[in-house]
Amino acid sequence: MSAPVDVLPTGRSAARAARAAQAARAGTRSERRPEIEGLRAVAVLLVVIYHIWPRRVSGGVDVFLMLTGFLITGSLLRTVERRGRVEFGAFAARLAGRLLPTVALVLLGVLAGTLLWLPRTRWHDTLAEVFASALYYENWHLASAAVDYLAGGNAAGPVQHFWSLAVQGQFYVLWPVLLALTAAVAARHGRSPRAAFLGVTALVFTASLAYSVVRTAADQRWAYFDTGARLWEFALGGMLAVVLPYLRPPGAVRVALGWIGLAGLVSCGLLLQVSTVFPGYAALWPTGAGVMIIVAGVTGSAFGADRLLTLRPMMYVGSISYALYLWHWPIFIFYLAQTGRTAASPKGIALILVASFVLAAATTALTGRIPLGGTARPAAIGLACLLPVLVVAGVWTSRQDDQVRQEGGIVPAPAVAARDRPRTYADGCNQVTGRDELLTCRYGAANPTRTIVLAGNSHAAHWFPALHAIADANGWQVVNMTKGACALSTKPQRYQGRAYPSCDRWQRDVMAEVRRIEPDLLVTTATISSPFERGETLPGGYVERWRQLGAMGVEVLAIRDTPRMPFDPPECVEVKGPGACVDDERHSLAAVSPAARLRRPPPNVTFADLTPLLCPRDRCPSVIGNLMVYSDKGHITATFMRSLAPVLEKEVRRALGP
């Protein structure tokens, strides 16, 4: 989402834009393009409405990225053609003065809303995202979370939409440098800077689009936030800025282009599941629609789409679109947190929209009064606005965990339970879903009397704290080989509905490493718990893998999977108290473990079922004694796992034999 820059009217000049539209209809030449403000209005309305209901992604953000490339490239090109160089200071100052005050106001509002309306379980992640948003790396923060299996179930944060601003901020750094170098090379060889700009933007477009298509196919969740996979959208706008003066289609063609583009933009989010297929070639749909609207321009025809786009209400919405984009999402998230709903009611939708428009209008009016003359002043103002955000978030972050830990009571406190993971995560010993390299880490005695391998997915990994305690007490060693969402099985696995080839490659290396080290025991999961229709299962690929391990002379301890909760236990305990946060064992586990029903179990496998310790009398509480059991819906806290070490040790010794 871009703020108006150079050639677009801001909130201070909506009236001038309306006059420009009238002049264009009258056939008078105007340097301004008022239909772009209308395009911004359509794009932001699509983003806001689709986010709130039906909770989809519209493609409107992609239009804003294309528009940013169009506006910035055009502005830089005009500067180079007039003065022969890119004026970095003036460019950066103008951006800082126009972008940062609004960002700071919204982020301060988010901090206040977080304190008032979000449970403490969500403070840590929200503060980290506020930092990332203020410093323009939120896209990379979210990309890392997207490939972190344990972070996949986290509730949406109030500043997640800042990812697009982060991508734009990185573009603002890269693009002037690239075009300045291009202009310098063109001048040295006596070439036109316009032709040189076109060549460079076309090259970036081609390379980035190719990378985007490949990266989206391989790891769409990462590609969605990857600046490299988004650069082509900016470059498309850049190419348009260079060639637009030479595009003179007939009036009838322009009218058709305007309506086709508008229809394409509005229909994109309805017909495509944008959040799961972008930003590959599918993103050509909304960006191409935006290009059509810009090429159509102000047609002067009574039948042109620009008649709609240049209406006063549309122009006004366009003028506040930057602030509207920034405010709507945190308001929506705070509404959900306060109401306990997963979707907004009709009354809630109206409330969110009204609050968003009021705050956007007030923010635009307030920041529009900031004097931006000169070069140093706007930059200083912009940076000064961010300082309170960073200070408040920094102090809050540094004090939060210490304060929570000192409160006593439930251990770990619900507010920090999500981060009470096995130490293997902090050590970087659990492979993420997007990579296939085998990571092996050894814990315990340097010269162990026994070696135990822990292998499998995150539900195998959360047994590590208990195994580590057992190894330390007995002079043994634990070798950790785990990967998110990748259970030890011979069958191809799927992750988020897609094939998961990195899991298959990783497992081949696991088996090779197990053969090499010849452990005394391998510990893994025996079943898959599930709250869905299929219920708890024991896949045939598990049994086949155990037989392969038996052929290698490896004993296996297969532990029944742990229950999964229908709510987030730490947040439930924080908000409602432990007594309200209990679930039935049958929600995700079978009445009898599928492993117990196995007719011919491999002779090298010992089965363990510790469910009675997690679900006394068939009820699964979030807190047992004073210990927080769950770190999220499906994973056990490291603290609680350590408390199970004495019981698990008996099972380990039973599997090891004499």
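Author: The account below begins with the disulfides, turns to the aromatic rings and ends with the protein as a whole.

The structure is a predicted model, in which local features need pLDDT of at least 70, side-chain atom pairs count only at pLDDT 80 or more, and totals for chains, interfaces and linings use all residues. Residues are numbered from 1 along each chain as its sequence is written, and side-chain values use heavy atoms, with hydrogens and water left out.

The structure contains 4 disulfides, a disulfide being a pair of cysteine sulfur atoms within 2.5 Å. When the bonded cysteines are numbered in sequence order, they pair as 1-2, 3-4, 5-6, 7-8.

One of the disulfides joins Cys-486 to Cys-503, with an S to S distance of 2.0 Å. The torsion about this S-S bond is about 85°, so the disulfide of Cys-486 and Cys-503 is right-handed. It links distant parts of the chain, 17 residues apart: Cys-486 lies in the loop between β4 (477-483) and β5 (494-495), and Cys-503 in helix α22 (residues 501-517). Helices (H or I, at least four residues) and strands (E, at least two) are DSSP runs, numbered from the N terminus. Cys-486 and Cys-503 are both buried; here buried means under 20% relative accessible area, exposed over 50%, and partly exposed in between (1.4 Å probe, protein chains only).

Cys-572 and Cys-581 form another disulfide, with their sulfur atoms 2.1 Å apart. Its torsion about the S-S bond is about -95°, so the link of Cys-572 and Cys-581 is left-handed. Cys-572 has a relative accessible area of 10% and is therefore buried, and Cys-581, at 0%, is buried as well.

The sulfur atoms of Cys-615 and Cys-620 are 2.0 Å apart and form a disulfide, which is right-handed, with 95° about the S-S bond. Cys-615 counts as buried at 2% relative accessibility, and Cys-620 is buried at 1%.

The aromatic rings come next. A search of the whole structure finds 15 aromatic pairs. Rings of Phe, Tyr and Trp (its six-membered ring) pair if their centres lie within 6.5 Å; planes under 30 degrees apart count as stacked, over 60 as edge-to-face and the rest as tilted. Trp-163 and Phe-225 form an edge-to-face pair, at 5.8 Å centre to centre and with 80° between the planes. Trp-163 belongs to helix α7 (residues 163-188) and Phe-225 to the loop between α8 (193-223) and α9 (227-243), so the pair ties together parts that are 62 residues apart in sequence. Both Trp-163 and Phe-225 are buried.

The rings of Trp-546 and Phe-607 have their centres 5.6 Å apart and their planes at 70°, so this pair is edge-to-face. It links distant parts of the chain, since Trp-546 is in helix α23 (residues 540-551) and Phe-607 in strand β10 (residues 605-608), 61 residues apart. Trp-546 is buried, at 0% relative accessible area, whereas Phe-607 is partly exposed, at 23%.

Ring pairs also link Phe-171, Tyr-172, Trp-175 and Phe-234 into a cluster. A charge sits over a ring if NZ of Lys or CZ of Arg is within 6 Å of the ring centre and within 35 degrees of the ring normal. Arg-230 lies over the face of Tyr-224, at 4.7 Å from the ring centre, and Arg-421 lies over the face of Tyr-425, at 5.3 Å.

Trp-163 also takes part in the surroundings of Glu-138. Glu-138 lies in helix α6 (residues 138-146) and is buried, at 0% relative accessibility. Leaving aside residues up to four places away in sequence, Glu-138 touches Glu-129, Ala-132, Ser-133, Val-159, Gln-160, Phe-162, Trp-163 and Ala-166, where contact means heavy atoms within 4.5 Å.

Finally, the whole protein. It has 27 helices and 13 strands. Its radius of gyration is 29 Å, close to the 26 Å that the globule rule gives for 658 residues, so the protein is as compact as a globular protein of that length. That radius is taken over C-alpha atoms, and the globule rule is 2.2 Å times the number of residues to the power 0.38. The C-alpha atoms fill a box of roughly 95 × 50 × 45 Å along the principal axes. Buried residues make up 55% of the 658 residues. Among contacts between residues at least 6 apart in sequence, 79% join residues at least 24 apart.
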